[in-house]
Amino acid sequence: MEEFASLLDALVYTTSRNRKLALIAAYLRSSPDPDRGWAMAALTGGLDFPAVKSSTIRILMMERVDPVLWALSRDFVGDTAETASLLWPEPEDAAPQPALSLAEVVDRLAALTRATAPKELPALLSRMDAKGRYALIKLATGGMRVGVSARLAKTAFAIAFEVPVEEVEEYWHALAAPYPELFQWAAEGGDPPNLAGVPRFRPFMLAHPLEDGVVDLADYAAEWKWDGIRVQLVRAGGETRVYSRSGDDISATFPELLDLLPIDAVLDGELLVRGVTQGGEAGGAASFNALQQRLGRKTVSKPMLRDYPAFVRLYDVLLLDGTDWRERPWKSRRATLEGLMPRLPESHFDLSQLVEAPDFAALSAIRDTARDEAIEGLMLKHRDSPYVAGRRVGHWFKWKRDPLLIDCVVMYAQRGSGKRSSFYSDYTFGCWDGDPDAGAELLPVGKAYSGFTDAELKKLDKFVRQNTLNRFGPVREVKRELVFEVAFDSVHASKRHKSGLAMRFPRIHRIRWDKPAHEADRVESLRALVKD
Amino acid sequence: MAAPFSWIRPEPWGIHIVPADIWVDPSRPVPRALVTHGHADHARGGHGETIATPATLAIMELRYRTGASDDSGTVLHKAVPVEYGETIRLPGGVDATYIPAGHVLGSAQILLEHAGERVVITGDYKRAPDPTCAPFEVTPCDIFITEATFGLPVFTHPPIGEEIGKLLEARADNPDTCVLVGAYALGKAQRVIAELRAAGHSDTIWLHGAMEAMCRLYEEHGVALGDLRLVTDAPSKEAMCGAIVVAPPSALNDRWSRRLPDPITAMASGWMRVRARARQRGVELPLVISDHADWNELTRTIKEVNPAETWITHGREEALLRWCALSQRRARALALVGYEDEDD
């Protein structure tokens with residue numbers, strides 16, 4: 001437990017991704033089984049102890065600390081777990097007890113009930129120091145909040161034992177904490193886990209951006225790039241699961257997709273909701289904004305299912321009826337998928353159609369004219385490409401349509417993090433709410449922190465420092481002088497911003513040192529681009 | 001016969017000794033001031049006459065030219081030194097005695113006696129050992145006027161050896177970069193350096209320019225700090241690998257730090273006890289080192305001094321008031337302006 005508590009503490013204070021990876025990898029290499037497996041479960045959000053809630057901790061504290069002192073402390077610290085870890089009265093005459101391992105702590109927490117927790121938890125807390133108590137309470141109440149995603153933890157695992165992260169992903173979702181088979185294979189050189197009959201995730205094949213290149217359409221097939229979320233549908237052993245791009249099991253969010261596959265399969269496609277903006281009026285899909293209503297929910301209400309019905313637009317097949325098609329060329333997989341389509345219900349599945357063009361120039365023209373909302377651009381897939389995990393050059397390209405552009409005025413700048421912590425590198429910009437020469441004001445419309453070179457960043461940083469009007473902690477308000485040409489993929493109505501608009505993927509396209517601020521665009525120009 | 005203790009009055013800008021018309025740690029210029037220590041929220045320039053320990057006066061001369069003469073040889077702001085343990089008679093029959101407070105070099109509590117009544121004003125203080133200054137002395141009194149910077153029970157400062165150990169460990173673990181320690185330029189910086197020396201670290205310690213004069217002043221007062229050099233004199237970025245650099249907290253994320261090889265950012269402060277405080281400042285290596293009393297020291301000191309009444313000058317006075325109420329001690333909070341030591 002001591003080592004795990006130290007790891008959490010170190011992660012809390014580390015902002016660099018590489019240092020986080022190194023910390024987790026070092027812990028995984030040096031810690032015994034099954035402790036390290038439980039640590040992975042904790043870092044990937046895979047532990048749940050329903051008997052312990054934040055209120056359980058608060059009640060325990062109230063019995064031990066004056067309520068006024070507790071409230072003042074909690075207000076100052078801002079976190080119940082941390083306040084409790086600092087205020088827990090350490091027993092003065094405690095006979096030294098053997099240290100608990102993480103696995104022992106997990107076992108004890110798992111055995112707790114609502115009735116036993118108020119008695120058993122204090123005994124555990126009294127055996128630890130403040131750092132240990134913090135880790136224990138975070139573990140028990142869930143949500144580590146140490147800035148580590150599940151993907152980062154798995155990447156650290158792969159680094160620690162020098163195994164491919166795609167393989168880790170492939171086994172991960174089919175195994176349960178503390179993942180003994182995974183450590184047996186990766187750390188001890190044992191056989192890979194046997195996962196026949198388990199509906200498990202396979203890592204996605206990803207695409208490279210097509211910068212200025214040209215491809216031969218004899219070699220490449222084109223498809224629309226849909227603006228939904230990438231999903232993998234897996235049926236095995238009589239069960240179907242839906243996985244997100246990160247490999248998270250999102251089956252509970254889309255229950256309408258779970259009983260539809262007639263045979264065992266692993267299918268790749270875009271999850272969309274019904275609407276008219278993507279791919280035609282009948283049987284089309286709505287914009288990404290509509291899909292967002294469905295994302296991130298653990299349970300789905302009937303009105304949600306009715307108003308935002310989900311379906312999958314399929315574009316690849318990895319496994320079908322016991323056959324692994326991943327080594328086969330794309331054209332064979334495509335034919336297999338087309339053969340499967342009649343067996344799938346039209347209500348929830350369709351096929352991502354190919355975009356036919358006589359040559360690349362003609363295709364380019366099609367891409368430019370199709371400003372259909374939410375079709376992000378084109379995908380180009382080599383007709384002989386196997387299905388390989390990750391991003392392999394030359395197989396798949398994404399050819400995004402040209403971004404939308406608008407001129408905005410910089411309003412606020414914030415310091416970045418990590419290497420950029422001494423630079424003002426995050427910018428909030430706005431457009432005019434009327435005629436700037438007639439007293440119009442700027443309304444913030446977005447925020448961006450990319451799209452410029454290191455040399456430009458230095459210049460921007462200098463501009464911010466020399467043109468500061470006000471300081472609010474790490475944020476500076478600057479004179480309304482500098483214009484950014486901002487590129488973005490689309491813009492949507494949003495209640496979150498005063499302007500009522502939210503951009504997707506805004507980035508700084510050009511810095512217009514030459515352009516006077518009053519010549520920047522107005523909010524109404526941006527609003528005209530909304531297509532919800 | 002005047003009402004008890006009517007001769008001492010807390011006002012928003014300081015504590016007024018009425019019969020002498022002298023102020024303690026006033027936050028605006030006054031004709032005569034008693035100053036507990038050299039930190040800017042207690043020691044201000046511009047008083048007609050400042051009465052303080054010789055070390056505090058030296059710090060004030062450095063910062064405000066207190067006691068220095070101008071071109072014509074006139075001393076505008078007079079400095080009157082008082083040694084620890086020495087008692088001086090003030091007008092109106094008030095005696096003032098300077099007693100070590102253990103906060104920083106020259107820091108003093110001031111014992112005021114008048115008509116048989118005893119009042120101690122602590123200024124800032126701590127009870128933990130510190131090689132750079134004389135230790136706090138418990139002084140019995142009727143009214144104890146204490147600070148409460150860390151007046152919340154979450155604040156307990158660990159033994160400094162543990163924190164210095166973390167710093168040396170981080171340095172040893174990262175030979176390809178340097179550790180940049182944010183530390184308040186008066187007191188904290190010199191204490192961290194002295195404790196590093198005591199722990200056997202004899203390499204050059206690199207300084208931000210703002211630290212230089214105060215470190216020299218400490219050495220002139222007998223606090224040995226070893227080999228110190230300015231970062232601006234470093235031959236190259238690479239030469240800083242494996243080094244410990246000490247800078248004021250404001251420089252940690254400033255452009256100044258770009259000259260260092262991707263440093264690990266440490267900060268020596270009592271606030272580092274709270275994770276959110278460290279994260280807000282981008283601190284990767286929090287060192288819980290404070291020159292103020294922590295919660296246990298505050299409550300222990302009140303118990304040991306055992307005054308009839310406790311007045312609390314600044315900090316998180318609400319919680320300390322609550323503790324006094326729970327332990328049946330008379331206490332009140334003084335609403336003094338201008339005291340707060342964010343960087344400690």
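**Reading the sheets and contacts**

Modeller: Seven strands of chain B form an open sheet with mixed pairing, in the order 7-8-9-10-11-18-19. The model is a predicted one. At the edges of this sheet stand strand 7 (87–90) and strand 19 (330–333) of chain B, each pairing on one side only. Direction ignored, neighbouring strands are turned by 20° against each other on average.

Colleague: In what sense do strand 11 and strand 18 of chain B pair, and over how many bridges?

Modeller: In general, strands of a sheet pair through backbone hydrogen bonds, either parallel or antiparallel. Here strand 11 (residues 143–148) and strand 18 (residues 309–315) of chain B pair in the parallel sense, over five bridges. Within strand 18 of chain B, Thr310(B) stands opposite Phe144(B).

Colleague: Which helices pack on these strands of chain B?

Modeller: Helix 6 (residues 295–305) of chain B lies across strand 11 and strand 18 of chain B, and runs at about 175° to strand 11 of chain B. Helix 7 (residues 317–326) of chain B also packs on the sheet, where it touches strand 11, strand 18 and strand 19 of chain B. The direction of helix 7 of chain B makes about 160° with that of strand 18 of chain B.

Colleague: How should I read the overall form of chain B?

Modeller: Chain B has seven helices and 19 strands. Its radius of gyration is 21 Å, close to the 20 Å that the globule rule gives for 344 residues, so chain B is as compact as a globular protein of that length. The C-alpha trace of chain B spans about 70 × 60 × 30 Å along its principal axes.

Colleague: Into which domains is chain B divided?

Modeller: The division is into domain 1 (8–154 + 292–333) and domain 2 (160–287). The C-alpha centres of these two domains of chain B lie 29 Å apart. Their contact takes 16 residues from domain 1 of chain B and 16 residues from domain 2 of chain B. On the side of domain 1 of chain B that touches domain 2, the residues divide into ten nonpolar, four polar and two charged.

Colleague: At what angle do helix 3 and helix 7 of chain A cross?

Modeller: Two packed helices are described by the angle between their axes and the distance between the axes. The axes of helix 3 (residues 35–43) and helix 7 (residues 102–110) of chain A come within 8 Å and cross at roughly 60°, which makes helix 3 of chain A oblique to helix 7 of chain A. Asp35(A), Trp38(A) and Ala39(A) of helix 3 meet Leu102(A), Ala103(A) and Val106(A) of helix 7.

Technical notes
Residues numbered from 1 in each chain as written. Chains lettered and ligands numbered in written order. Predicted model: local features only at pLDDT ≥ 70, side-chain atom pairs only at ≥ 80, totals over all residues. Domains from an automatic or database assignment. Contact = placed C-beta atoms within 7 Å. Nonpolar A, V, L, I, M, F, W, Y, C, P; charged D, E, K, R; others polar. Axes fitted to C-alpha atoms, helices over the stretch in contact; angles between N-to-C directions. Helix = DSSP H or I, 4+ residues; strand = E, 2+ residues; numbered from the N terminus. Parallel < 35°, antiparallel > 145°, perpendicular 65-115°, else oblique. Rg over C-alpha atoms; globule rule 2.2 N^0.38 Å. Pairing = 2+ DSSP bridges.
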